[in-house]
Amino acid sequence: MKTITIANRNNTVYKVKGKRPLLSELRSLGLVLPYGCQYGGCITCAAKLIKGKVDQKSQVALNNRQINDGYVILCVARAKTNCTFDIGVESHDKLYRNPFIDPLEPHELKADIATCREIKHD
Ligand code: FES
């Protein structure tokens, strides 16, 4: 069992098995969370990991900058250790940024789009 603490909900504590995605496990325990696609593509369920470790290999919504800022896609992430999160839109303060004011650096992009590819036309 893993202990999941929700810091911005009065440090409420939940016990999960870590076998299913956190969105599913926490919702089954009564926690109300925002979500949409439930396959890691829409970013609606993003939460900020404050402490701990998750496996979110199958997510496709976050870029490297968002991952480095601690964001986790709860609909696909499984807890590997005890974790502490901020959840909901209140945790999204660093999730988005204005690309015209503060553009992404190449290393912040996803690995598969960070490399400039040559385009050929026949
Ligand atoms: S609900 Fe869409 S990414 Fe999690």
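## Surface and overall make-up

The protein chain exposes about 7700 Å², and carbon and sulfur atoms supply 52% of that area. The model described here is a predicted one. Of the 122 residues of the protein chain, 39% count as buried.

The protein chain has 3 helices and 7 strands. Along the sequence, these elements follow the pattern β-β-α-β-β-α-β-β-β-α. Among contacts in the protein chain with a separation of 6 or more, 58% are between residues 24 or more positions apart.

## The sheet

An open sheet is formed by 5 strands, in the order S2-S1-S7-S3-S5. The pairing in this sheet is mixed. S2 and S5 are the edge strands, since each pairs on one side only. On average, neighbouring strands of this sheet are turned by 40 degrees against each other, direction ignored.

## Strand pairs within the sheet

S1 and S7 run parallel and are joined by 3 bridges. Thr5 stands opposite Thr84, a residue of S7. On the pairing of S7 with strand S3 (residues 46–51), the direction is antiparallel, and 3 bridges join the two. Lys48 has Asp86 in S7 as its bridge partner.

S3 also pairs with strand S5 (residues 71–73). These two strands run antiparallel and are joined by 3 bridges. The bridge partner of Ala46 in S5 is Ile73, while Ala47 stands opposite Val72 in S5.

The structure holds 4 salt bridges. One of them is formed by Glu90 and Arg9, with the closest N and O atoms 2.7 Å apart. This pair links distant parts of the chain, the two residues being 81 residues apart. Glu90 lies in the loop between strand S7 (83–86) and helix H3 (111–114). Arg9 lies in the loop between strand S1 (2–6) and strand S2 (12–16).

How accessible are the two partners? Glu90 has a relative accessibility of 47% and therefore counts as partly exposed. Arg9 has a relative accessible area of 30%, so Arg9 is partly exposed. The cut-offs behind these labels are under 20% for buried and over 50% for exposed, with partly exposed in between.

## Two further salt bridges

Asp55 and Lys57 meet through their side chains in a salt bridge, at 3.2 Å from N to O. Lys57 counts as exposed because its relative accessibility is 73%.

Arg65 and Asp69 form another salt bridge, in which the closest N and O atoms are 3.1 Å apart. Is Arg65 buried or exposed? Its relative accessibility is 8%, so Arg65 counts as buried.

Technical notes:
Residues are numbered from 1 along each chain as its sequence is written. This is a predicted model: local features need pLDDT of at least 70, side-chain atom pairs count only at pLDDT 80 or more; totals for chains, interfaces and linings use all residues. Side-chain values use heavy atoms; hydrogens and water are left out. Helices (H or I, at least four residues) and strands (E, at least two) are DSSP runs, numbered from the N terminus. Buried means under 20% relative accessible area, exposed over 50%, partly exposed in between (1.4 Å probe, protein chains only). Contact means heavy atoms within 4.5 Å. Accessible areas come from the Shrake-Rupley method with a 1.4 Å probe; for residues, only the protein chains shown count as cover. Two strands pair if DSSP finds at least two bridges between them. Axes are lines fitted to C-alpha atoms, for helices over the stretch in contact, and angles run from 0 to 180 degrees between N-to-C directions.
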